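I opened the notebook to set down what I looked up in this structure, entry by entry.

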Amino acid sequence: MTEAYTAKLDISREASVFGASTILAAGVRYDDRTKTSNEYLLDLSTPAQFAAAGIATNYSAIAKPGGFQGEIPLGYTFQYFDRDKVLGLVDQAKAVGSYVRSDANFYDVGEKVYSAYAMATATTHWGSIIGGARVEHIRNDAQAFSSVGLIDVKASQTLVYPSLHLNWDVDDRMKARLSFNTGAARPDYDQLRPNLSYNDANATISGGNPDAKPEKAKGVDLYVEYYTMPRGFLSIGAYYKDVTDVLFDSTQTFGRTTLNTGGVDRSGYLYSTIVNGGSGYIMGIEGAIQQQLEPFTADLGLPEWMGGFGVQLNATINKSRAETPGTAALPSRKVPLPGASDAIYNLIAYYEKYGFSARVSYQNRSAWLDAIGGTDTIGGVVRGIDGGDFYWAKDNELDASVRYAINNNVEIYGDFANLLNGPGRRYAGSSAYTIEHETFGRRYTGGVRVTF
């Protein structure tokens with residue numbers, strides 16, 4: 001269960017600063033969010049209880065008839081469980097048992113953020129200057145049960161984000177933008193929970209890290225944009241960001257007996273949490289272009305209806321590095337920044353004219369780091385012990401849509417998503433070692449939209 005409350009106040013005033021028309025703005029904001037996890041367990045553990053509830057103790061009680069339903073030939077088959085049968089058995093179990101709260105999976109985490117900002121936007125004959133700063137004071141409070149009872153972890157911190165943006169109107173069609181900026185990515189407040197929760201069915205353990213610090217960044221961006229009439233533009237830019245306390249999702253074998261209860265050995269479960277590493281950076285270049293044929297049909301001798309064709313293209317090339325968490329025994333390693341692909345590009349072809357529009361979009365993204373794996377020193381060399389780091393494989397997506405406006409109030413539409421139906425594939429260490437492979441199917445929607 002999540003509860004969230006927000007209050008904010010913004011004020012602004014126009015003034016003249018050094019002869020430039022300037023808008024001064026300031027504001028305050030308060031955010032209060034709390035997430036509570038209460039898990040209750042209905043536990044039947046003796047043959048007498050199962051007999052009293054009329055529940056069979058073999059798999060046939062929940063089995064779903066039929067063979068293997070996947071598309072990848074695995075060379076063997078198995079039965080699936082039937083959801084409706086399981087829910088029916090739960091109703092039977094309620095007659096002889098009662099729900100008991102599972103303290104091991106309980107947590108209550110809260111985050112209060114007190115923030116304020118001040119900024120000025122000055123407009124001159126050559127462009128504009130925007131500068132300011134934002135201040136955040138964060139208070140976290142997390143409770144969970146451990147082997148010593150209920151524990152309560154509190155933390156607070158204050159962060160300041162200054163920024164400065166310069167916009168230069170080179171001429172009526174060309175603009176240049178230079179930005180000096182700062183920012184931070186805080187762990188989700190539920191990732192700060194001070195407990196470990198486990199799932200025996202999936203053999204997984206997840207845990208929060210109340211000591212996790214925000215990932216902080218400062219950088220500089222430079223972009224040049226050129227606009228063509230009526231709806232075209234070309235832009236190219238470069239950027240560099242320096243990052244500290246890089247946040248990593250970490251996935252590795254639990255390796256401890258702390259959660260071994262009820263005769264269940266959970267030391268081999270896969271354990272996921274969030275941790276801070278060292279410093280890192282990301283830099284790159286990106287370009288974008290959008291152009292419709294409309295302004296050029298007459299000069300090219302094309303019929304008027306062809307003016308509706310257009311194209312959008314954007315591409316980004318990145319280079320990134322980040323230091324993983326390290327100890328004296330296991331020094332940090334340099335890996336790509338989590339979530340950062342080396343190359344991303346999007347291509348969109350469209351037609352818009354006479355109330356009709358059609359669009360086809362394609363995205364290609366190279367592999368990116370998802371989580372770091374466990375390591376150990378083997379033969380004097382630091383090696384992965386869970387197969388290596390975890391990556392999402394290269395991704396390709398194709399979507400399409402059509403629209404026709406009958407009039408200002410009625411529109412017929414159709415949307416076609418995930419047309420390639422490519423897999424979401426995750427691997428460990430090398431692309432040859434797939435650990436997750438799933439597809440989600442193509443999705444088609446359509447209808448009539450009426451507005452008043």
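**Ground rules.** I am reading a predicted model, in which local features need pLDDT of at least 70 and side-chain atom pairs count only at pLDDT 80 or more, while totals for chains, interfaces and linings use all residues. Residues are numbered from 1 along each chain as its sequence is written, and side-chain values use heavy atoms, with hydrogens and water left out.

**Whole chain.** I noted 3 helices and 30 strands in the protein chain, where helices (H or I, at least four residues) and strands (E, at least two) are DSSP runs numbered from the N terminus. The C-alpha atoms fill a box of roughly 85 × 55 × 50 Å along the principal axes. I then looked up the radius of gyration, taken over C-alpha atoms, and found 28 Å, against the value near 22 Å that a compact globule of 452 residues would have; the globule rule is 2.2 Å times the number of residues to the power 0.38. Buried residues make up 30% of the 452, with buried meaning under 20% relative accessible area, exposed over 50% and partly exposed in between (1.4 Å probe, protein chains only). Of the contacts (heavy atoms within 4.5 Å) between residues at least 6 apart in sequence, 63% join residues at least 24 apart.

Two strands pair if DSSP finds at least two bridges between them. I found strand 20 (residues 343–353) running antiparallel to strand 21 (residues 356–365), joined by 10 bridges, with Tyr 351 opposite Ala 358 of strand 21. The hairpin of these strands has 2 residues between them, and Tyr 354 takes a positive phi near 60° there. Strand 21 is also joined by 10 bridges to strand 26 (residues 395–405), again antiparallel, and Asn 364 has Asn 396 in strand 26 as its bridge partner.

**Ala 122.** Leaving aside neighbours within four places in sequence, Ala 122 is in contact with Ala 20, Ser 21, Thr 22, Gly 127, Ser 128 and Ile 129.

**Largest pocket.** A pocket, on a 1 Å grid over the protein atoms alone, is an open set of points where a 1.4 Å probe fits, with protein on both sides within 12 Å along at least five of seven lines, and lining residues have an atom within 4 Å of a point. The largest pocket has a volume of about 620 Å³, and of its 20 lining residues the closest to the centre are Ser 102, Ala 104, Asn 105, Leu 196 and Tyr 198. Strand 3 (40–42), strand 8 (127–146) and strand 11 (196–199) each give two or more residues to this lining, and strand 11 gives the most, with 3.

**Second largest pocket.** I read about 340 Å³ for the second largest pocket, whose lining includes Leu 41, Asp 43, Phe 50, Val 86 and Tyr 99. Strand 3 and helix 2 (83–93) are the elements that give two or more residues to this lining, and helix 2 gives the most, with 4.

Technical notes
Points joined across faces, edges and corners; volume = space filled by probe spheres on them.
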